[in-house]
Amino acid sequence: MAEGMTWSVLDGDKLTQAEIYGQVLTQLGATNPRLVAMTADLAKSTKIGAFGDKYPDRFINMGIAENSLFGVAAGLAMAGWKPVVSTFAVFAALRSAEQVRTDICYQNLDVKIIATHAGISFGQAGSTHHCTEDIAVMRSFANMTVIVPADGIETGNAVVAAMDHPGPVYIRIGRGFEPPVNTTKDYGFQIGKAVTMKDGKDVTLITCGVCVGQAMRAAKVLETQGLSVRVINMHTIKPIDRDIIIKAVVETRRIITVEEHNTMGGLGSAVGEVIVESGKACAFRKLGVPDAFAIVGYPEDLYNHYKFDADGIIEAVGALMKKEIEEDENWDDET
Amino acid sequence: MSASAATAFVKEDYDELARKLRFIITDIICGAGSGHIGGALSLVEILITLYFRIMSVRPEEPRWSDRDRLVLSKGHAGPVLYVTLAEKGYFPREWLPTLNQDGTRLPSHVDQVQTPGVDMTAGSLGQGLSCACGIALASRLNKRNNRVFCIIGDGESDEGQVWEAAMFASHYKLDNLVAICDYNRMQIDGTTDQIMDLEPLADKWKAFGWEVFDIDGHDWDILFSTINKAVAVKGKPAMIIARTVKGKGNALVEAKVGSHNIKVPDKKSWDEYLDACGCRYDLPYCRGE
């Protein structure tokens with residue numbers, strides 16, 4: 001853990017993910033003299049500008065030129081610097097996909113990308129500013145690590161952890177304020193190690209990002225209906241925590257993934273791949289944006305529309321609990 | 001010429017080296033069965049001048065941190081960089097005929113991960129100048145005096161990212177960056193005039209805030225003096241528009257649009273391409289045939 005970090009769990013109650021990110025990055029600047037921060041005219045929106053205010057000599061604004069943004073970052077990293085790059089998710093993952101792939105990932109360069117406004121967190125801005133494809137794109141790049149923090153507190157932890165994690169890292173955050181799901185920052189955040197937010201034995205919700213909060217709210221309601229719901233915060237999509245998924249399959253036999261992303265290619269697909277390869281059957285559903293370009297609207301309304309808010313999760317759990325699961329005492333005979 | 005002969009310039013020796021490297025480029029592309037010969041042959045004098053007369057490098061220590069760097073953004077010209085690096089002693093000449101072969105460390109497009117002496121992976125056009133800007137900026141942040149060279153193609157200059165980088169280098173006053181445009185006036189589908197006219201090219205770069213030199217890209221003296229002038233420019237990046245001939249030095253492909261990529265189906269064709277070099281050299285490697 002980096003020294004000199006003064007941000008606290010209390011910040012999670014009043015700051016957005018991006019605001020905490022800007023604050024944490026600025027503090028990391030003191031102990032990481034090779035850290036350079038870069039953006040493409042989104043210093044204010046992504047909050048990376050906080051670093052620039054403190055360290056103007058290590059802050060590079062490219063103007064509105066995302067392709068060159070990632071190319072320059074690659075050059076800096078090749079010559080021994082540690083660029084932290086922020087722009088909106090749609091520009092990082094889609095417009096500049098090739099620069100991220102070839103310049104950064106192929107050469108396994110130490111570039112950290114913190115992309116904001118991911119998913120439909122800027123839902124009212126329209127399709128140009130939605131990004132429900134970035135997890136799929138980024139996890140398909142070899143060498144890339146993909147993290148989707150659940151709240152501001154976890155965003156701070158993820159940014160700190162990424163600094164000490166060699167190679168390219170993509171951290172995906174939203175736009176606005178989301179109620180924190182963590183009550184402490186000292187819960188042992190570790191890249192690649194999912195967090196069981198709540199234990200349960202009837203069904204498991206595997207989720208990430210802002211959907212962790214939705215899943216927790218759903219689980220509380222479902223408890224009152226007599227269901228024991230496990231909630232797993234899969235903050236790292238790649239490398240994914242295989243053990244925790246297979247344990248959930250064996251112990252609960254019912255899995256629902258919840259993500260603010262296309263249900264094709266993201267967390268649900270990543271979890272599904274692990275389950276299928278394990279050879280262990282379970283009832284499985286993926287919640288998210290169902291392979292569609294999202295309609296325009298406020299994020300909370302869209303989460304509701306696409307049925308991956310707490311209400312939608314409750315409904316999906318109800319439907320999944322009606323599925324009959326064949327009892328099998330002997331898992332060892334399956335491969 | 002040996003790698004240590006960097007100091008004394010004897011025109012006849014350099015002419016001879018250029019002829020030999022063109023012959024080897026032709027041979028290894030023929031051995032591979034196909035390859036981007038035109039844009040490799042047009043750069044021979046430029047790369048020899050950079051590596052033998054200008055750049056401060058250590059072939060025995062390819063990642064020496066104070067070295068001058070080259071980003072060959074038109075990465076498909078890999079063969080000309082490979083023969084130059086082998087001549088400098090970065091890797092054994094025996095690697096050269098492995099071009100494009102299974103498991104080679106010399107892929108068609110230049111690859112920093114694979115090849116000692118290659119400073120940046122490139123080949124998807126338009127991306128290299130941004131990377132070179134990053135390296136140049138890093139040198140400034142490192143308070144080092146090393147220079148960064150970047151070779152872009154004329155056809156490559158159709159890519160929008162080139163102009164993003166052009167604006168960036170100028171805005172950040174990257175005077176340790178020297179770009180060279182291999183202006184052979186041909187791209188895959190035709191001449192640059194026909195496909196996407198670049199003119200007035202010098203004025204474009206000037207308008208983007210660069211110091212611009214417009215020269216003959218095959219003349220040893222002009223290349224050497226101009227690169228030195230470009231290196232000395234203060235307060236802004238420099239662009240050398242090097243007027244070259246695509247496929248230069250091989251009669252079958254010289255100044256021909258079709259020279260971008262040739263197919264060499266058989267030994268007869270291979271011999272014809274070698275004959276078209278107008279000279280024969282003992283190859284510095286065994287083909288194991």
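The domain assignment for chain A gives domain 1 as 9-172 and domain 2 as 195-320; the bounds come from an automatic or database domain assignment. Before I go on, this is a predicted model, where local features need pLDDT of at least 70, side-chain atom pairs count only at pLDDT 80 or more, and totals for chains, interfaces and linings use all residues. Residues are numbered from 1 along each chain as its sequence is written, chains are lettered from A and ligands numbered from 1 in the order in which they are written, and side-chain values use heavy atoms, with hydrogens and water left out.

Back to chain A as a whole. Its secondary structure comes to 13 helices and 12 strands. Helices here are DSSP runs of H or I with at least four residues, strands are runs of E with at least two, and both are numbered from the N terminus. The radius of gyration of chain A is 19 Å, close to the 20 Å that the globule rule gives for 335 residues, so chain A is as compact as a globular protein of that length. That radius is taken over C-alpha atoms, and the globule rule is 2.2 Å times the number of residues to the power 0.38. Along its principal axes, the C-alpha trace of chain A spans about 60 × 40 × 40 Å.

Now the two domains of chain A. Their centres, taken over C-alpha atoms, are 26 Å apart. Contact, meaning heavy atoms within 4.5 Å, involves 27 residues of domain 1 and 32 residues of domain 2. The size of an interface is often given as the accessible area lost when the parts come together. Between these domains the buried area is about 2100 Å², with carbon and sulfur atoms giving 55% of it. Buried area is the accessible area (1.4 Å probe) that two parts lose on being put together, summed over both. On the domain 1 side, A:I120, A:T132 and A:R139 supply 32% of the area buried against domain 2, more than any other three residues.

How many salt bridges are there between domain 1 and domain 2 of chain A? The count is 1, where a salt bridge is a side-chain nitrogen of Lys or Arg within 4 Å of a carboxyl oxygen of Asp or Glu. A:R139 forms a salt bridge with A:E273, and the closest N and O atoms are 2.8 Å apart. On the side of domain 1 that touches domain 2, α7 (134-139) and β5 (145-147) of chain A each supply at least two residues. The largest share, 4 residues, comes from α7(A). By class, that side has 12 nonpolar, 10 polar and 5 charged residues. Ala, Val, Leu, Ile, Met, Phe, Trp, Tyr, Cys and Pro count as nonpolar, Asp, Glu, Lys and Arg as charged, and the others, Gly among them, as polar.

Next, the contact between chains. It takes 24 residues from chain B and 24 residues from chain A. The area buried between them is about 1900 Å², of which carbon and sulfur atoms give 56%. In chain B, the residues that lose the most area to chain A are B:Q127, B:L141 and B:E164, together 26% of what that side buries. The rule finds 12 residue pairs in polar contact across this interface, both at pLDDT 80 or more, and the salt bridge count between the chains is 0. The elements giving two or more residues to the chain B side are α5 (128-141) and α6 (160-171) of chain B. α5(B) gives the most, with 8 residues.

Chain B itself has 10 helices and 9 strands. Its C-alpha trace spans about 55 × 45 × 35 Å along the principal axes.

Last, some local points. Most residues other than glycine have a negative phi, and most peptide bonds are trans. The bond from A:K238 to A:P239 is cis, with omega near 0°, and A:P239 is in the loop between β10 (236-238) and α10 (242-252) of chain A. Another cis peptide bond joins B:E199 and B:P200. A:D41 is not a glycine, yet has a positive phi of about 60°.

Conventions: A polar contact is a pair of N or O atoms within 3.5 Å; within protein, one must be able to donate a hydrogen and the other to accept it, and residues adjacent in sequence count only if both atoms are side-chain atoms.
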